[in-house]
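Subject: Structure handover

Hello,

Here is the structure you asked about.

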Amino acid sequence: MDKLVIRGGEPLLGTVRVSGAKNAALPCMAAALLTDEPVILENIPQVRDIQTTRNLLAAMGAEVELGYGRAHHRTTIHCQNLASPEASYELVKTMRASTLVLGPLVARCGRARVSLPGGCAIGQRPIDLHIKGLELLGAKITQDHGYVEATATRLRGAEIAFDKITVTGTEDLLMAATLADGETILQNAAREPEVADLAALLNKMGAKIQGAGTATIRIKGVAKLKGAKHRIIPDRIEAGTFLIAGALTGGDLNIAGCDPTHLVAILSKLKETGVKTKSTATSVRVMGDNPFAACDISTEEYPGFPTDMQAQFMALATQAEGTSIVTENIFENRFMHAQELVRMGANIKIEGRRAVVRGKTPLSAAAVLASDLRASASLVLAALVADGETIIDRVYHIDRGYEKIEEKLKGVGAQIRRIGNMLP
Ligand code: UD1
């Protein structure tokens, strides 16, 4: 099993380039199920979740070509014949976002059978809102043997008000509604940039969607969708992780190829800590100037502070002067990184959904365990400023969502290496 070995203490200097957003690429790949023509996606990140989605689509009968490097990180997905509209437990258990195929499959094939995801490291994460929405669109839902099966001769438009804001739930129903008969209105929809990116692709495919990126999305169903070419937006969470890396290490880091308009909540929190940043249309430069001040964060749906940046921010808070309160409102069990940070010398007390971080405490290298994708990122960040050599085990979590993290960090001066050779 791969491990990352990081020797702390080097300021990060230079330019690091952000990859395409995994969380936009996944629904866009699922959207290819809605048409029998090829869909070409560019700026696809080279991460394990993309490979999993490729396997998922291929198992249904799709032809999926993936090319990296000079091929512009491009994938071409052609779903001409979908022999088997099913997502197996084997795939869903490794990637919950596999449930994104439910909506498009039932809309296109009239039938979908998808394994129910179990609980996961960060919380229960049910998909009841996806199911409820599909029922409102006229699908008949049955559940047995751990699978959910949806059938419909043709979905019909409906007004759907989400009880709770859900990102993949919004995306799943958005895709299903494109081929429904009549108009669908999604209320209390997720406003994440990844939802807007998916809608941009769907509109290029011939869908009629208005309002994506706001809380109310209107979709006029069409009879058929066609192929299209689309470039995935930059990964705002990867960009945010590098911003914190630059700040923490007291470096001078230019984060290129990002979209600062998607980073407003993160940039404003960095400003509160006293960290200086300078944005252009496509980059942010972070100038780490220790010491920096403690500040509180509270995770919220977009445009609030992202839960996917909470763990990384906690690593920063360990090195800030004063007490930071980190409140996690989206997932009930997303503090697994805290205990590992404590093992490295951080002072963190968990009180329910709140973590109280008292800084600044020196961090010392230790053998630590990555428990989920973003928790692993926070351990990498802590290791970059720890005294000595940190060994991070279960790196496969980080490979799910960060493209070649050790190469990117090494390129800007980090002392980091991978042991083993299980790159995605
Ligand atoms: C997506 C992101 C993930 C991010 C999360 C929150 C992808 C592939 N993943 O996950 O990186 O951390 O948004 O920004 O885009 N919920 C229900 N019932 C449902 C669906 C969700 O109760 O049917 C709850 C969840 O348990 C959670 C909250 O709603 O407490 C938000 O979850 P959701 O937005 O659905 O997260 P994902 O789409 O799974």
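Which helices each supply at least two residues of the lining of the second largest cavity? They are H1 and helix H2 (48-60). Before the details, one caution: this is a predicted model. Please read every value below as computed from that model.

**Cavities**

The structure holds 3 cavities of 30 Å³ or more. Two of them are described here.

The second largest cavity holds about 40 Å³ of space. H2 gives the largest share of its lining, with 3 residues. The lining residues are Leu26, Ala30, Thr53, Leu56, Leu57, Met95, Ala97, Ser98, Leu100 and Val101. By class, that lining has 8 nonpolar residues, 2 polar ones and no charged ones.

The largest cavity has a volume of about 50 Å³. Its lining consists of Ala21, Lys22, Asn23, Glu194, Asp235, Arg236, Ile237 and Arg374. Here the classes are 2 nonpolar, 1 polar and 5 charged.

**Second largest pocket**

Next, an open space. The second largest pocket has a volume of about 340 Å³. It is lined by 16 residues, and those closest to its centre are Arg17, Val18, Ser19, Asn43 and Arg231. The lining divides into 6 nonpolar, 6 polar and 4 charged residues. Domain 1 (3-19 + 234-419) and domain 2 (22-231) each contribute at least three residues to this lining.

**Ligand site**

Now the ligand. How many residues surround the ligand? The count is 18, and the closest are Asp128, Thr166, Thr168, Asp308 and Ile330. By class, the shell has 8 nonpolar, 5 polar and 5 charged residues.

Helix H5 (128-136) and helix H6 (167-178) each supply at least two residues of the shell. H5 gives the most, with 3 residues. The shell also draws on both domains: at least three residues come from domain 1 (3-19 + 234-419), and at least three from domain 2 (22-231).

- Thr168: a polar side-chain atom lies 2.6 Å from a ligand oxygen.
- Asp308: an N or O atom in the side chain is 2.6 Å from a ligand oxygen.
- Leu129: a polar backbone atom is 2.7 Å from a ligand oxygen.

How much of the ligand does the protein bury? Taken alone, the ligand exposes 740 Å², and the protein buries 87% of that.

**Where to look**

For a quick tour, begin with Thr168 and Asp308, whose side chains each have an atom 2.6 Å from a ligand oxygen. Then go to Arg17 and Arg231, which are among the residues closest to the centre of the second largest pocket.

Best wishes

Notes
Residues numbered from 1 in each chain as written. Predicted model: local features only at pLDDT ≥ 70, side-chain atom pairs only at ≥ 80, totals over all residues. Heavy atoms only, no water. Near = heavy atom within 4 Å. Polar contact = N/O pair within 3.5 Å; in protein donor to acceptor, adjacent residues only side chain to side chain. Areas by Shrake-Rupley, 256 points an atom, 1.4 Å probe, with all protein chains shown as cover. Helix = DSSP H or I, 4+ residues; strand = E, 2+ residues; numbered from the N terminus. Nonpolar A, V, L, I, M, F, W, Y, C, P; charged D, E, K, R; others polar. Domains from an automatic or database assignment. 1 Å grid on protein atoms, 1.4 Å probe; cavity = no way out; pocket = protein on both sides within 12 Å on 5 of 7 lines; lining within 4 Å. Points joined across faces, edges and corners; volume = space filled by probe spheres on them.
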